[in-house]
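Subject: Structure handover

Hello,

Please have it open while you read.

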Amino acid sequence: MKQVNILLKSNGEIKRIITDKKMSVNEYTDILNCDYIDIKGLKLNKINISLVFDEEFLYTDKSINKKASLLFGYKHHGEVLCGDVMVQKDVETPEGIISVGFSEEEATVIEAYIKNLKYEQIKFIKQKPCMNFIPF
């Protein structure tokens, strides 16, 4: 079955990537131009979605992705996402939750929501990378 993956480019462009199967880690890293990925699950319009992004974006000169940052919750926690970000649907399976592409109808709803995000009046600031070590 055809799956619609939504790629939010850091320049604001929204691009569809059509697949017929779940994407591999190598496909993600190729599309997102990175070595490692991170996945953040959240709920959008009653649909469980995942944002797939460059795990090491804070250590790069990639541009802030304003649309993805708003989906990520920037207004609540002040943390941005940089570079291109893939938006996918979360599906629960016997093996656990997996991220897959949307149906055509779901993708149209998600794209409309993303296109209507307002961010012109928001000042985005890239957080500094940090690590907290917790002794045990």
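A residue is called buried under 20% relative accessible area, exposed over 50%, and partly exposed in between. Please keep in mind that this is a predicted model.

Glu-55 has a relative accessibility of 43%, so this residue counts as partly exposed. Glu-56 has 31% and therefore counts as partly exposed too. Glu-55 sits in the loop between β4 (47–54) and α2 (66–72), and Glu-56 is also found in the loop between β4 and α2. Together with Asp-35 and Asp-38, Glu-55 and Glu-56 form a negative surface patch.

Next, the strands. β4 runs antiparallel to strand β3 (residues 37–44), and eight bridges join the two. Which residue of β4 is the bridge partner of Leu-42? The partner is Ile-49. The hairpin of β3 and β4 has two residues between the strands, and Asn-45 in this hairpin takes a positive phi near 50°.

Now the salt bridges. Side chains of opposite charge can pair when their charged atoms come close. With a cut-off of 4 Å between a side-chain nitrogen of Lys or Arg and a carboxyl oxygen of Asp or Glu, the count comes to seven salt bridges. Arg-16 is partly exposed because its relative accessibility is 28%, and Glu-104 is partly exposed at 33%.

Lys-21 forms a salt bridge with Glu-27, with 3.4 Å between the closest N and O atoms. Lys-21 has 45% relative accessibility, so it counts as partly exposed. Glu-27, at 28%, is partly exposed as well.

Asp-54 and Lys-62 meet through their side chains in a salt bridge of 2.7 Å, N to O. Are these two buried or exposed? Asp-54 has 4% relative accessibility and therefore counts as buried; Lys-62 has 19%, so Lys-62 counts as buried as well. Elsewhere, salt bridges that share partners join Lys-2, Arg-16, Glu-104 and Glu-111 into one network.

Regards

Conventions
Residues are numbered from 1 along each chain as its sequence is written. This is a predicted model: local features need pLDDT of at least 70, side-chain atom pairs count only at pLDDT 80 or more; totals for chains, interfaces and linings use all residues. Side-chain values use heavy atoms; hydrogens and water are left out. Patches are made of residues with over 30% relative accessible area and no salt bridge: like charges are joined within 9 Å, nonpolar side chains (Val, Leu, Ile, Met, Phe, Trp, Tyr) within 5 Å. Accessible areas come from the Shrake-Rupley method with a 1.4 Å probe; for residues, only the protein chains shown count as cover. Lys and Arg count as positive and Asp and Glu as negative; His and the chain ends are not counted. The place of a charge is taken as NZ of Lys, CZ of Arg, CG of Asp or CD of Glu. Helices (H or I, at least four residues) and strands (E, at least two) are DSSP runs, numbered from the N terminus. Buried means under 20% relative accessible area, exposed over 50%, partly exposed in between (1.4 Å probe, protein chains only). Two strands pair if DSSP finds at least two bridges between them.
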